[in-house]
Amino acid sequence: MMDLHLKNLYGRFQEQFGSGPGLGPGSGTCLMKIEGVSPNFIKSIYKGSATLYRTEPWKRLRPGHVFGIRVGKDSDWSGKKQPFPCVQFVGGDGGDVGFHMFRSESDAKKMTGSRETIRVPNIELLRVTYEPESLMFPSNKRMIKSLSLEASGTDRFPVIDVARCMSSFELQFRNPTVEELRFVYAFMIAISLVHPLLQEDKEGAPKWSRLMYFEPFIETVDVQWPPEMAKGHDLVAVTVSHPPGQAYVEKASSTGSSTPTKYAEPPREEIFVDVRVNSNGILRQCTLCEKEVHGDQSQCCAQCRAVVYCSSLCQKQHWKTHKSMCGLYKAMMEREEELAMKIFLFPCSADQPCKWLESLGIHRKGMWRRKCGCYAHCPFGLLPIKGGLWDSWGGLDDEEYPRDSPFHNHMRDGISSPILLSGWSEYYNLRSLPLSSPVADILSHPLTVYYILTALNISSKNLLLKGKEVIVHYLGPEGELDWMPAFAEIGHMLNGSGNIHVVMVGPEVPTNLSGTTSGISSRVRVNLVRGIYQDEATYLPYPHVIVALNCGAESYSAWGGALELIKSRGVPAFFTEQSEISCANAKQVLRGAGLHITHPVTPNPFRSPVKTHGLSNNLPSYSNGFVLGVNT
């Protein structure tokens, strides 16, 4: 009775001051009371809600940000329509956080007030509210304890109900149906993947508005149903849009494909302006005829400024092919400023690698020898090694490269655990490195692998937290074969918890190194295997995760067999690409192989800060610039 009394007091406090969701506390509904809901079903719902909670959408999202949601086909649902196709997040300004799901965008607008949710008669909404366990109803407390349900954060758990305001303005509550809970699960998993991709629209926002405005957005991801929710299909396509009603524009490319894109085609007036490329005199290549031309004599498309030509004649002849992609290229060029890592104090543009390395005093030295073509004659993995770590880092000053030493005073509740990082600023601060140090350019490879294992893939993270070993199949190594001293940093990041076994497989592994094992640290060992992955995989230890960095999946014919194997095994696999256009091509290849992209393309926080450009385009490229995943 005391719990119920406190709950009522808390609810009246919320309603009086308009905090939190605005419709009061949880109604006492309990998932255990729903017919057809198994314990595993409930566990999956709580696991999905914890996944969403970890991504903290409430840091940026407010009730005014309304999302459209589409899960599978309309025919998959009762009444042949989406149950709750409109969603808003609540509680970002204070109170319990959660989200509301509406039957229509009109319903969402009617119920969204300036400070709280408005009660509107005869409108039904589904609520998910994250409540502290101490304030939950006894039935939910018992359910949480008996099923050992996963908490969201430290002590919060989702309370799910469907509310309807009566004509008397009293609220009537009911339990959600099994179908509605499946819809909620798919939404939670999808939105946790895509909401970080929202880009702020600073120019489009009214100056007086306190609400952050976002650019129009639409993204589709594949969500894997837990076994207890699947109905004939393991995966479902979930489309999230903001504002609701955004739609893909179908356009035919020069290859005849019809990949959907949200970017509009440029104006149809075929006006060609002679726009010169500022390339400091370096050689460029015409997109159409592939003729080499000095940068200051080349020109580019006047609308997207991305594609390079030797003459206006080649530009005009290429327009029929280029125009379908011009809008997409323009959008990519406009994001160049966002992708730039402005925290670093060394030059971050390296279209001429040798000159860039010379400016830093590390040309033809140590591991940096793989950053230009001067040692192309030397097989990967066989660069001569002169001395210790100082030589490996090209003679940088002692304070400019990470020392081969563990981290101290990094304990969680008195227990050692892997150090979790969100980007370069944290890492440089952790290692006390000056931002003038260029080591991020090489460390991008090992720290991208570590980021995948500890941030993007939950199963590998949990294994490491439990002190167990994670096996990684690393496909297609090249320059990395000479960067083992940099990969030793992963061992220090583990901070005394767990082990990582990396198996590097590829045709560039030298014959005399194939089959060797390198214990590069006490917690990381690397096996080298020469060969094609699909031919060698049977003889390798079964992986927990597969990675392929700067994979160029759109250009290697040998990827076909590897992708078939990844699909048949169902192992989580992550790929990085250097540019957005290579990501778009890789997505087509992956989908063509029957793989479902479950981690959408996102900028990699551990991408190299050093920007380059292609010979025939001005699109920015970064080593490990973008990451996408399948089977995750």
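# Why it is called that: salt bridges, burial and backbone

Biologist: Glu56 and Lys59 form a salt bridge, with the closest N and O atoms 3.2 Å apart. What makes this a salt bridge?

Modeller: This is a predicted model, to begin with. The rule asks for a side-chain nitrogen of Lys or Arg within 4 Å of a carboxyl oxygen of Asp or Glu. Glu56 and Lys59 have their closest N and O atoms 3.2 Å apart, so the pair passes the rule.

Biologist: Why is Lys59 called exposed?

Modeller: Its relative accessibility is 61%. Exposed means over 50%, so Lys59 counts as exposed.

Biologist: And what is the class of Glu56?

Modeller: Partly exposed, because its relative accessible area is 40%. That class lies between under 20% and over 50%.

Biologist: What makes Asp76 and Lys73 a salt bridge?

Modeller: The N to O distance is 4.0 Å. The cut-off is within 4 Å. The side chains of Asp76 and Lys73 are therefore listed as meeting in a salt bridge.

Biologist: How many salt bridges does the rule give?

Modeller: The count comes to 18. Another of them joins Glu124 and Arg103, whose closest N and O atoms are 2.8 Å apart.

Biologist: Why does the pair of Glu124 and Arg103 tie together separate parts of the sequence?

Modeller: Because Glu124 lies in strand E4 (residues 124-132) and Arg103 in the loop between strand E3 (98-102) and helix H3 (105-111). The parts tied together are 21 residues apart in sequence. There is a network too: salt bridges with shared partners join Arg103, Glu124, Arg164, Arg174 and Glu180.

Biologist: Why is Glu124 called buried?

Modeller: Its relative accessibility is 13%. Buried means under 20%, so Glu124 qualifies. Arg103 is at 34%, so it counts as partly exposed.

Biologist: Where do Glu203, Glu215, Glu334 and Glu338 gather?

Modeller: In a patch of negative charge on the surface.

Biologist: What makes Leu595 a buried residue?

Modeller: The value is 3% relative accessibility. The limit is under 20%, so Leu595 counts as buried.

Biologist: Which residues does Leu595 contact beyond its sequence neighbours?

Modeller: Leaving aside neighbours within four places, Leu595 touches Leu563, Ile566, Lys567, Leu590, Val630 and Asn631. Contact means heavy atoms within 4.5 Å. Leu595 and Ile566 are 29 residues apart along the chain, and their C-alpha atoms are separated by 8.4 Å. Leu595 itself sits in the loop between helix H16 (580-592) and E22.

Biologist: Where is Pro603, and why is it called partly exposed?

Modeller: Pro603 is in strand E22 (residues 597-603). Its relative accessibility is 38%, so it counts as partly exposed. Beyond neighbours within four places, Pro603 is in contact with Leu339, Gly625 and Phe626. Pro603 and Gly625 are 22 residues apart in sequence and 6.0 Å apart in space, C-alpha to C-alpha.

Biologist: What is the omega of the cis peptide bond between His242 and Pro243?

Modeller: Omega is about -5°. Pro243 lies in the loop between strand E8 (235-242) and strand E9 (275-276).

Biologist: What makes the phi of Glu290 worth a note?

Modeller: Phi is near 65°, a positive value in a residue other than glycine. Glu290 is in the loop between strand E10 (283-285) and strand E11 (292-294). Its relative accessible area is 55%, so Glu290 is exposed.

Biologist: What is the phi of Asn550?

Modeller: It is positive, about 45°, although Asn550 is not a glycine. Asn550 is found in the loop between strand E20 (545-548) and helix H15 (559-569). Its relative accessible area is 23%, so Asn550 is partly exposed.

Biologist: What share of the chain is buried?

Modeller: Buried residues make up 52% of the 632 residues. The chain has 16 helices and 25 strands.

Definitions and conventions
Residues are numbered from 1 along each chain as its sequence is written. This is a predicted model: local features need pLDDT of at least 70, side-chain atom pairs count only at pLDDT 80 or more; totals for chains, interfaces and linings use all residues. Side-chain values use heavy atoms; hydrogens and water are left out. Patches are made of residues with over 30% relative accessible area and no salt bridge: like charges are joined within 9 Å, nonpolar side chains (Val, Leu, Ile, Met, Phe, Trp, Tyr) within 5 Å. Accessible areas come from the Shrake-Rupley method with a 1.4 Å probe; for residues, only the protein chains shown count as cover. Lys and Arg count as positive and Asp and Glu as negative; His and the chain ends are not counted. The place of a charge is taken as NZ of Lys, CZ of Arg, CG of Asp or CD of Glu. Helices (H or I, at least four residues) and strands (E, at least two) are DSSP runs, numbered from the N terminus. Buried means under 20% relative accessible area, exposed over 50%, partly exposed in between (1.4 Å probe, protein chains only).
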